[in-house]
Amino acid sequence: MKERFLPIGTVVLLKGGKKEIMITSYCIFPNNIQIKNGQEIKPEKKIYEYGACIYPEGILDSNTICAFNHDQIEKICYMGYETPIQNELSTLLNQGYEMYKEKYENADE
């Protein structure tokens with residue numbers, strides 16, 4: 001699997017997933033109540049590598065954004081548009097992501 005931060009527009013299938021999703025953003029900080037196993041839970045202080053919407057429907061409701069990490073990707077179904085600028089952004093994100101993630105997730109509230 002390629003390093004993290006695939007291009008925006010990339011369509012992937014997550015491990016255990018039944019429907020493809022399309023990458024729409026990077027470095028997601030959930031801050032709304034989430035639903036897990038049918039129960040409402042407050043979000044953990046956690047950052048995710050990607051934000052996505054279901055494909056091909058797109059963003060139907062701002063509460064249905066999917067946040068996930070690169071290691072959860074089972075299959076890349078379609079690669080998004082790659083340019084030198086996108087490749088540069090991917091490099092920058094890869095260089096600083098782990099440091100920023102650790103600082104954010106371990107910061108006192």
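Where in the protein is confidence lowest, and where is it highest? Color by pLDDT and look. This is a predicted model, and its lowest confidence sits in strand β3, residues 34–36, with a mean of 67. At the other end of the scale is β1, at 98. For the protein overall, the mean pLDDT is 86, and 91% of the residues reach 70 or more.

**Stop one: the whole chain**

You'll pass through β-β-β-β-β-β-β-α, which makes seven strands and one helix. The radius of gyration is 14 Å, close to the 13 Å that the globule rule gives for 109 residues, so the protein is as compact as a globular protein of that length. If you draw a box along the principal axes, the C-alpha atoms fill roughly 40 × 35 × 25 Å.

Counting contacts with a separation of 6 or more, 63% of them join residues 24 or more positions apart.

**Stop two: the surface**

Show the accessible surface. It comes to about 7,500 Å², and carbon and sulfur atoms own 52% of that. Of the 109 residues, 32% count as buried.

Hide the surface and select β5, residues 48–54. How many of the seven residues of β5 are buried? Six are, so to speak, under cover: the strand is mostly covered.

β2 pairs with β5 in the antiparallel sense, over six bridges. For a landmark, pick Ile23, which stands opposite Ala52 in β5.

Then bring in β6, residues 66–68. β6 also pairs with β5 in the antiparallel sense, here over three bridges. Keep both on screen for the last stop.

**Stop four: the core**

Which residues have the most contacts inside the largest nonpolar core? Tyr50 and Phe68 are among them, along with Val12 and Ile73. The core has 14 residues in total. The largest share, three residues, comes from β2. As general background, nonpolar side chains in soluble globular proteins tend to be buried together.

Technical notes
Residues numbered from 1 in each chain as written. Predicted model: local features only at pLDDT ≥ 70, side-chain atom pairs only at ≥ 80, totals over all residues. Heavy atoms only, no water. Core = buried A, V, L, I, M, F, W, Y, C linked by side-chain atoms within 4.5 Å. Buried < 20%, exposed > 50% of the residue type's maximum accessible area, 1.4 Å probe, protein only. Helix = DSSP H or I, 4+ residues; strand = E, 2+ residues; numbered from the N terminus. pLDDT = per-residue confidence, 0-100. Rg over C-alpha atoms; globule rule 2.2 N^0.38 Å. Contact = heavy atoms within 4.5 Å. Areas by Shrake-Rupley, 256 points an atom, 1.4 Å probe, with all protein chains shown as cover. Pairing = 2+ DSSP bridges.
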